[in-house]
Amino acid sequence: MDRKMLKALFRKGINFGNTKIQAKVSKFFFDLDSYMEPLKFRPEELHLSLTNLCNAKCVFCGYQYQKYPKSIMPDDIFIKALEDYLSLGGGNVFLTPPVGEPLLDPKFCQRVEHLRSFKQIGHIKVITNGILIDKHGIDRILTSGLNELHLSTSGFDKASWERIYQIKGAFERMRDNAISLARRNSELDYPVDLRIRVLSDRTIDEVLAAKEFDMMDKYKVKIEYIHRFSNFSGLIKELPKGMIFWGDQKKPEPCIIIYHGPVIMPDGNVIACNCHTAMDPVEDLILGNIKYSSLCEIWRGSRTHALITQFIEKRLNERCQNCTTYRNLDLYRTFQGRERLRRIGDILSKEAELNHADHRYSDKK
């Protein structure tokens, strides 16, 4: 393993350790519930599932077992979701579905540009397999207003990529798109935070041996290595050697993924979380539908409250009980997490000020 990778892994380990230490110490010095109060009124971010279609059949993904009707989000659902989110003060937007390839939405760039036209919208992020980047146009993607793009790949070895992504004839296109995107992002002075997410059955050393990673380093692309995966509530029985499942975890408190924000599906259904368990929305995880209720009403409603309190009362529904992507609330016990909560509180304060100003204007009229 080269010095650069060792340094990156060491830094990641130190950060992980700091998170754990901060979380343990914070339990004795501050009341987490009071800090999380703003999350009762609005989610941290909005997840828009622009489509649940995909152009790959990855061995680690439950897409191959998806039963939910496959579609692309129509304009009326997209606009309604955005307007509802803006009414809550806006914030960050995540454009990656529980399963699916967001760039299969032919209006992907148009929708990012529309989101960016609102000052209330903050960080816009997407994860893609990179196959369709050239179809949308590299310059347009980079100048659309997107803040962060993660390109998922098994690396730059054709045999490995076709084995993991189970698709033929697209490797060269993905590779060329990744290189061109990184190069052009550099030329434009880095408008987008580019990252390569390596999901592989090979070792880090084997993956990074590809010459393409020298170019990624040259163009300041961050590299993330992932080797643990969800079993999609038991749907995936086996992974290639070198890949492992996340193990079962104790669930002593609400899952932080719920607080990260709901997922708006293409048909308007609002799903509680963006974890893999929500691939096929079931009654336990559906909070409502924005065609019939506002996002505000749904988030502050009884279904959301019940989903959170089930952890406290130790009566988990079947999906949450079997979910291996559960994460505790330790992030919110760190300085970084408390800063995120503070920003949510600030958004709520601004929303209240604007509503108060609107009422005063109406009274004068």
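**Notebook: salt bridges**

I began with a network: Glu148, Asp193, Arg195, Lys222 and Glu224 are linked by salt bridges in this predicted model.

Within that group I looked up one pair. The side chains of Asp193 and Arg195 meet in a salt bridge, at 2.9 Å from N to O. I noted that Arg195 is partly exposed, its relative accessible area being 21%.

I then turned to Glu253 and Arg333. Their side chains form a salt bridge with an N to O distance of 2.8 Å. Where do the two residues lie? Glu253 is in the loop between strand S8 (244-245) and helix H11 (256-260), and Arg333 is in the loop between helix H14 (318-322) and helix H15 (335-364). The pair therefore ties together parts that are 80 residues apart in sequence.

Next I looked up Lys40 and Glu37. A salt bridge joins their side chains, at 3.1 Å from N to O. Lys40 has 53% relative accessibility and so counts as exposed, the cut-off for exposed being over 50%. Glu37 is partly exposed, with a relative accessible area of 31%.

Finally, I asked how many salt bridges the count comes to.

Note on methods:
Residues numbered from 1 in each chain as written. Predicted model: local features only at pLDDT ≥ 70, side-chain atom pairs only at ≥ 80, totals over all residues. Heavy atoms only, no water. Salt bridge = Lys/Arg side-chain N within 4 Å of Asp/Glu carboxyl O. Buried < 20%, exposed > 50% of the residue type's maximum accessible area, 1.4 Å probe, protein only. Helix = DSSP H or I, 4+ residues; strand = E, 2+ residues; numbered from the N terminus.
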